[in-house]
Amino acid sequence: MAVEIRELECFLVLADELHFGRTAERLYLSQSRVSQLLQALERRIGGPLFERTSRRVALTPLGKEFLVSLRPAYVALERVVENAREHATHGKGRLRIGFQGVANDEILNAVAAFQSDHPNCLIETCELPLNDPFGALRRGTIDAAVVLVPVAEDDLVVGPVFSTHPQTLAVCTSHRLAGRTAIEAEELAGETLIGFKGPAPGYWRQAQAPTQTPGGALIHRGPEVQTFQEGLSLIAAGHGAMLVCQPTAAYHLRSGIVSIPLTGVPDSGLVLIWRRGEETPSLKAFAARL
């Protein structure tokens, strides 16, 4: 027998409130209608979902199991409806994009172009902690994120990789390599690289601050930071070096720090990511601009 959406809504609200009167108020129904919907759902399932007395309402073991299974499915259904609504309204609403570090010209140009083409969709941007590239996305406070590669998360979709640039090694001016015009990755052997704290996953942190050269020589793990500015302060104080892409190094160049072109390591790159199953028309349009 087909289950009515209204019956499921009634069950979920009653499971939250455990009170027929408050459930009726939230759903703008009479208490008798709430009872009818619940009874109909219990008949379809074949067992009681609540224990009801004159003093209390409580979930039965069957009701608890049903709640655990139903809630994420219902949330997913709401997202499907919301995505369809966005299709129908041609991208009206808002698109929230997070990014690590400073938004470069490619990101800003994509934002401007998207806003010009979709004036009814407000695009909002926010900075993400460098040590937590995925947290805000998973919490739902943003719709997509521009983060440093690599990304290997089962629940996230990896979109276009862009803004690829060679790496440099940022060091203090008194560092033994500071006077070099270029260095090769194997010369990092024995050096100390500043890394990033969690909650970023280990593979991502390893990519930003490797502990071995391509040939397998040891690179020492230095202090770990949460932000790029913290890293620059440690570099200036002589506590280690940091891998930095060329544009970022040029933008953040400051007294006491130099950046040296580094070969033999993968280029730095940015990628647009979003939650799996939640690609909206606005998000697709923005991704096409990168």
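Colleague: Is Phe196 buried or exposed?

Modeller: Phe196 is buried, with a relative accessible area of 6%. Bear in mind that we are looking at a predicted model. Trp204 counts as buried too, at 0% relative accessibility.

Colleague: How many aromatic pairs are there?

Modeller: The count comes to 4 aromatic pairs. In one of them, the ring centres of Phe196 and Trp204 lie 6.0 Å apart and the planes meet at 50 degrees, so this pair is tilted. Elsewhere, Phe11, Phe50 and Phe66 are linked into a cluster by ring pairs.

Colleague: Let me step back to the whole chain. How many helices and strands does the chain have?

Modeller: There are 10 helices and 13 strands. The chain has a radius of gyration of 26 Å, well over the 19 Å that the globule rule gives for 290 residues, so the chain is more spread out than a compact globule. Along the principal axes, its C-alpha trace spans about 80 × 45 × 30 Å.

Colleague: What percentage of the 290 residues is buried?

Modeller: Buried residues account for 43% of them. As for contacts with a separation of 6 or more, 72% join residues 24 or more positions apart.

Colleague: How do I read a nonpolar core? Which residues touch the most other members of the largest one?

Modeller: The general idea is that in soluble globular proteins, nonpolar side chains tend to be buried together. Here the largest nonpolar core has 35 residues, and Leu95, Ile107, Val146, Leu272 and Phe286 touch the most other members. Helix α5 (residues 105-117) supplies the largest share of this core, 4 residues. Apart from this core lies another, of 21 residues, among them Phe11, Leu27, Leu49 and Phe50.

Colleague: Which residues does Val146 touch?

Modeller: Leaving out residues up to four places away in sequence, Val146 touches Ile97, Gly98, Phe99, Gln100, Ile107, Phe162, Leu270, Val271 and Leu272.

Colleague: Now a helix, please. Which residues of helix α8 are buried?

Modeller: First the general idea: an α-helix has 3.6 residues a turn, so residues three or four places apart point the same way. In α8 (residues 228-236), the buried residues are Phe228, Gly231, Leu232 and Ile235. These residues cover an arc of only 100 degrees around the axis, which puts them on the same side of α8.

Colleague: What do the buried residues of α8 pack against?

Modeller: Their partners include the strands β7 (167-172), β9 (192-196) and β10 (220-225). They also pack against β11 (242-245), α9 (246-251) and β12 (257-263). Just after α8 comes Gly238, with a positive phi of about 80 degrees.

Colleague: Which residues are buried in helix α10?

Modeller: In α10 (residues 281-289), Ser282, Leu283, Phe286 and Ala287 are buried. Looking down the axis of α10, you find them within an arc of 135 degrees, so they line one face of the helix.

Colleague: Let me finish with a single residue. Where is Gln167 found?

Modeller: Gln167 sits in strand β7. At 10% relative accessibility, Gln167 counts as buried, because the cut-off is under 20%.

Colleague: What does the side chain of Gln167 reach?

Modeller: The side chain of Gln167 reaches the backbone nitrogen of Cys245, at 3.5 Å. Setting aside neighbours within four places in sequence, Gln167 is in contact with Leu243, Val244, Cys245, Pro261, Leu262, Val265, Pro266 and Ser268.

Technical notes: Residues numbered from 1 in each chain as written. Predicted model: local features only at pLDDT ≥ 70, side-chain atom pairs only at ≥ 80, totals over all residues. Heavy atoms only, no water. Phe/Tyr/Trp six-rings, centres within 6.5 Å; stacked < 30°, edge-to-face > 60°. Buried < 20%, exposed > 50% of the residue type's maximum accessible area, 1.4 Å probe, protein only. Helix = DSSP H or I, 4+ residues; strand = E, 2+ residues; numbered from the N terminus. Arc of directions from axis to C-beta. Contact = heavy atoms within 4.5 Å. Core = buried A, V, L, I, M, F, W, Y, C linked by side-chain atoms within 4.5 Å. Polar contact = N/O pair within 3.5 Å; in protein donor to acceptor, adjacent residues only side chain to side chain. Rg over C-alpha atoms; globule rule 2.2 N^0.38 Å.
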